[in-house]
Amino acid sequence: MSMNRRQFVAAAGSVALLPLVGCSTKPDSQHVVVIGGGFGGSAVAKYLKKYQPSLSVTLIEPKTSYVTCPGSNWHFADLVSMEQITFNYEGLKKRGIQVIHDSVTAIDDKAHQVTLAGGQKLSYSKLVVSPGIDFKWGVIEGVTQANAEKIPHAWQAGSQTLLLKKQIETMKQGGTFVMIAPPNPYRCPPGPYERVGMVAQYFKKHNPKAKIIVLDPKDKFSKQGLFVEAWQDLYGDMVEWTGVNDGGKVSKVDVNSMTVYAEAGVIKADVINAIPPQKAGALAFTAGLTNETGFCPVNPTTFESTLKKDIYVIGDAAIAGAMPKSAHSAVSHAKMTAAAVVNALTGKTAFSTINANTCYSLVSDKYAISIVGVYSVQDGKIGEIKGSGGVSPAKADADFRAMEAVYAKGWYSSITQDVWGA
Ligand SMILES: Cc1cc2nc3c(=O)[nH]c(=O)nc-3n(C[C@H](O)[C@H](O)[C@H](O)COP(=O)(O)OP(=O)(O)OC[C@H]3O[C@@H](n4cnc5c(N)ncnc54)[C@H](O)[C@@H]3O)c2cc1C
């Protein structure tokens, strides 16, 4: 019996991603500390406790509620409220995980100890770090942290999402929205282009003569053919994408005159969504977990840092070979890492792992496209299993696209329920 793409990914998610691990209910003196309560950190905390209920697990995250980036683009088209994409840590606490709302300022890998901003010190047997991304400010002149209040990135969901949403709503009729897309590697490869569709859906209803210009330092992007087909079908000539070969690289933004200086020319904008180049979250740098790429090298089987023993790095901050930086990937890393940590603590050996990723993108409320991949360790690196994945078909009919939009919302509900549900 042959499996289609979706069945294969489902199988990878349900079977291969749940390796056998040691499981004891005796009280455990070993303590695992997890830093970062986003997708990767929250999921690893949950699965550590699930695989080894006796283990003492502490999650450290400064925020008391977490706004997911997945779904945040949908807010621009009024498809979800901010409340619908905000989660708290009560579900994790009910599982017996200690949650401390503070930031880690230092990691002492020799002493196996972390220091919190509030002064508290915690000892760990194993440490899992999932700090997400940070921005490389100033690579484009004018795209600075201070100016993010005028030209929001909205690439960490929350107040930045609200700010960009307000600018979209108050943009003058027939105005110009300019997106400066980031270079590789960055969180959520299809994310900027999903955003274009969501902003276009809003404009089509409320500001039909508006223009969306995407300036891109890349020559291609994820699901490009499908996105371009959808933009044309749904929004006519509202969207214009300029890649690097046609002058999409931006050298400067003047926030006072709202002018963007690209190789293709000088553009006067009404709203600028400048998404800067990215690197691992700041803590990864202070803890010495990064290499020259600005991200964290890890053992592809266990996600243990190759630079510091007993510290595991997962999610966007990790160098995970062919896997894209996504919430789905982060949760996949988390499940593998939880198993690897429990195995290491119980004296079992590491195993070969299968990871998976799925990214749905809405282009309108009834039109979505997707990309999936299943990954294994090949020649010491995480590579995509040949023939395992793919993208939605081109020229599919409206019912197919509408069904994928239903799947997109289902994906969101199930992953957030998996990570933060009680
Ligand atoms: C617009 C947009 C849309 C997206 N859509 C999708 C999608 O549809 N599907 C998908 O799979 N992915 C999507 N993503 C990508 C996804 O959001 C990320 O890949 C995912 O959040 C990565 O998880 P993480 O745990 O690495 O980082 P995060 O989720 O960012 O979590 C990091 C956490 O670490 C905390 N932290 C940082 N430093 C410290 C410290 N010193 N001490 C304590 N805590 C700390 C932060 O407060 C944060 O809560 C999207 C991203 C964007 C921007």
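How many bridges join strand 7 (residues 113–116) and strand 8, and in which sense do they pair? The two strands pair in the antiparallel sense over three bridges. Welcome to a predicted model, in which local features need pLDDT of at least 70, side-chain atom pairs count only at pLDDT 80 or more, and totals for chains, interfaces and linings use all residues. Residues are numbered from 1 along each chain as its sequence is written, and side-chain values use heavy atoms, with hydrogens and water left out.

- Q113 has S123 in strand 8 as its bridge partner.

**Aromatic rings**

- The structure holds 16 aromatic pairs, meaning rings of Phe, Tyr and Trp (its six-membered ring) with centres within 6.5 Å; planes under 30 degrees apart count as stacked, over 60 as edge-to-face and the rest as tilted.
- One of them is the edge-to-face pair of F177 and F203, 6.2 Å centre to centre with 75 degrees between the planes.
- F221 and F227 make a tilted pair, 6.2 Å centre to centre with 50 degrees between the planes.
- Ring pairs also link F39, Y66, W74, F87, Y412 and W420 into a cluster.

Methods. Two strands pair if DSSP finds at least two bridges between them. Helices (H or I, at least four residues) and strands (E, at least two) are DSSP runs, numbered from the N terminus.
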